[in-house]
Amino acid sequence: MADTPLTPHQAAGPVAVAVRLKDPEREAIARRNLAEAKIADAIDKALAAAPPLNNQQIHRLTALLRGGSR
């Protein structure tokens, strides 16, 4: 994981490169990084617009991030 998170725009470039190079492993990593960037961006925007969450809400959202909704 990088020290500075990528924006979705920054994370999209490596996906395009991997597709052009026909490198499935590199593409999978790039797509995972793009998904992380999109999710982080959505969380940042939602939290900026929302009132503070209580502990129960934080635990519920943490469970979603850990795959609890699958």
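Mentor: Let's start with a definition: a residue is buried under 20% relative accessible area, exposed over 50%, and partly exposed in between, using a 1.4 Å probe and protein chains only. The model here is predicted, so local features need pLDDT of at least 70 and side-chain atom pairs count only at pLDDT 80 or more, while totals for chains, interfaces and linings use all residues. Residues are numbered from 1 along each chain as its sequence is written, and side-chain values use heavy atoms, with hydrogens and water left out.

Trainee: Thanks! What is the secondary structure of the chain?

Mentor: The chain has three helices and zero strands, in the order α-α-α from the N terminus. Helices (H or I, at least four residues) and strands (E, at least two) are DSSP runs, numbered from the N terminus.

Trainee: And what radius of gyration does the chain have?

Mentor: The chain has 15 Å, whereas a compact globule of 70 residues would be near 11 Å. That radius is taken over C-alpha atoms, and the globule rule is 2.2 Å times the number of residues to the power 0.38. The C-alpha trace spans about 45 × 25 × 20 Å along its principal axes.

Trainee: How many of the 70 residues count as buried?

Mentor: Of the 70 residues, 9% are buried. V15 sits in helix 1.

Trainee: How far apart are V15 and A40 in space?

Mentor: Their C-alpha atoms are 18 Å apart, and 25 residues separate V15 and A40 in sequence.

Trainee: Is L65 buried or exposed?

Mentor: L65 counts as exposed because its relative accessibility is 63%. L65 is found in helix 3.

Trainee: Next topic. How many salt bridges does the structure hold?

Mentor: Two. A salt bridge is a side-chain nitrogen of Lys or Arg within 4 Å of a carboxyl oxygen of Asp or Glu. E27 pairs with R31, their closest N and O atoms being 2.8 Å apart, and K45 pairs with D41 at 3.2 Å between the closest N and O atoms.

Trainee: Why are E27 and R31 separated by about one helical turn?

Mentor: Because E27 and R31 are four residues apart in helix 2. K45 and D41 also lie in helix 2, four residues apart, about one turn of the helix. E27 is partly exposed at 22%, R31 is partly exposed at 43%, D41 is partly exposed at 28%, and K45 is exposed at 55%.

Trainee: One last thing: which residue has a positive phi although it is not a glycine?

Mentor: K22, with a phi of about 55 degrees. Most residues other than glycine have a negative phi. K22 lies in the loop between helix 1 (8-21) and helix 2, and K22 is exposed, at 71% relative accessible area.
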